[in-house]
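Take a look at the chain shown here. This report walks through its domains, its cores, its rings and one of its helices.

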Amino acid sequence: RSPRGLSRSPWAVKKINSKCNTKQQNIYQSRLNEEAKILKSLQHPNIVGYRAFAEATDGSMCLAMEYGGEKSLNDLIEERNAARLGPFPAATILKVALSMARGLKYLHNDKKLLHGDIKSSNVVVKGDFEAVKICDVGVSLPLDENMTVSDPTVHYIGTEPWKPMEALSDDGVITDKADIFPFGLTLWEMMTLSVPHLNVGTDDEDDSFDEDDFDEEAYYAALGTRPALNMEELDPSYQR
């Protein structure tokens with residue numbers, strides 16, 4: 001928990017794993033430094049808050065943040081899939097959609113920042129979706145007045161299955177829309193309980209990922225496109 005007098009809310013602490021090699025540690029430490037700098041400038045109910053950036057006893061830097069929730073959205077998706085509960089209720093997905101949209105609107109319009117790595121594991125959830133917050137702004141990129149990433153010294157990182165088409169091309173123009181595409185895929189995850197594109201090209205009705213059946217060619221061909229959605233698996237509440 002946070003030190004007395006600083007904040008009443010619990011803290012979450014991020015630090016670099018000491019098992020990483022020197023090159024990895026340098027890369028991750030640079031990202032953590034940038035994340036601390038960016039997070040300190042943000043204040044929104046749907047974005048995990050900054051608390052402190054300090055040196056640990058082993059000499060490494062630690063980023064202390066608001067404890068936004070017990071689990072990530074990805075954790076909840078995996079748990080629901082394991083329990084074979086089917087898609088999340090439409091009302092729950094709507095709640096997540098509104099919370100994420102408000103956080104992204106703040107980043108894009110107020111702070112002129114592209115998050116750069118939207119996905120279910122970068123969304124934390126408190127309780128029974130009482131609060132939903134975007135986290136991990138370490139690879140965020142500045143947006144210019146045209147909502148475009150125009151700085152030639154920065155590069156979109158993202159995570160492959162969630163990358164938009166423009167991020168998969170060497171000459172793609174990255175705009176605020178590069179957050180909107182993976183935002184949609186994150187909601188798709190809640191409806192399918194699976195990672196985008198991983199099961200493409202397979203005929204198996206089981207949604208779990210099987211490395212032996214993985215169709216690499218179909219996977220790479222599908223990246224950046226809108227994955228299919230089986231409407232028969234969605235209850236009538238989705239039609240409202």
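The C-alpha centres of domain 1 and domain 2 lie 23 Å apart. Domain 1 covers residues 11-66 and domain 2 covers residues 71-238. These bounds come from an automatic or database domain assignment. The contact between them takes 15 residues from domain 1 and 18 residues from domain 2. Here, contact means heavy atoms within 4.5 Å.

The model is predicted: local features need pLDDT of at least 70, side-chain atom pairs count only at pLDDT 80 or more, and totals for chains, interfaces and linings use all residues. Residues are numbered from 1 along each chain as its sequence is written, and side-chain values use heavy atoms, with hydrogens and water left out.

## The cores

A nonpolar core is a set of buried Ala, Val, Leu, Ile, Met, Phe, Trp, Tyr and Cys residues joined through side-chain atoms within 4.5 Å. Buried means under 20% relative accessible area, exposed means over 50%, and partly exposed is in between (1.4 Å probe, protein chains only).

The largest nonpolar core has 39 residues. Which of them touch the most other members? They are L42, L73, F88, V96, F129 and M190. Seen by element, α1, β3, α2, α3, β6, β7 and α4 each supply at least two residues of this core. Helices (H or I, at least four residues) and strands (E, at least two) are DSSP runs, numbered from the N terminus. The largest share, 8 residues, comes from α3. Both domains take part: the core draws at least three residues from each of domain 1 and domain 2.

M190 shows the packing well in outline. Leaving aside residues up to four places away in sequence, M190 touches L73, I77, P87, F88, T92, I93, V96 and F129. A second, separate core has 9 residues, including L114, V149, A167 and I174.

## Rings and charges

The whole structure holds 3 aromatic pairs. Rings of Phe, Tyr and Trp (its six-membered ring) pair if their centres lie within 6.5 Å; planes under 30 degrees apart count as stacked, over 60 as edge-to-face and the rest as tilted. F88 and F129 have ring centres 6.0 Å apart and planes at 80°, so this pair is edge-to-face. F88 lies in the loop between α2 and α3, while F129 lies in the loop between β6 and β7, 41 residues apart. F88 is buried at 5% relative accessible area, and F129 is buried at 9%. Elsewhere, ring pairs link F214, Y219 and Y220 into a cluster.

Charges also sit over rings. This applies if NZ of Lys or CZ of Arg is within 6 Å of the ring centre and within 35 degrees of the ring normal.

| Charged residue | Ring | Distance to ring centre |
|---|---|---|
| R80 | F88 | 4.8 Å |
| K119 | W162 | 6.0 Å |

Is α4 mostly covered or mostly open? It is mostly covered: 12 of its 16 residues are buried. Among them are A178, D179, F183, W188 and M190. The cover includes α2, α3 and β5. Just after α4, L193 takes a positive phi of about 60°.

D117 lies in the loop between β5 and β6. D117 is buried, with a relative accessible area of 11%. Not counting residues up to four places away in sequence, D117 touches N122, V139, G158, T159 and D179.
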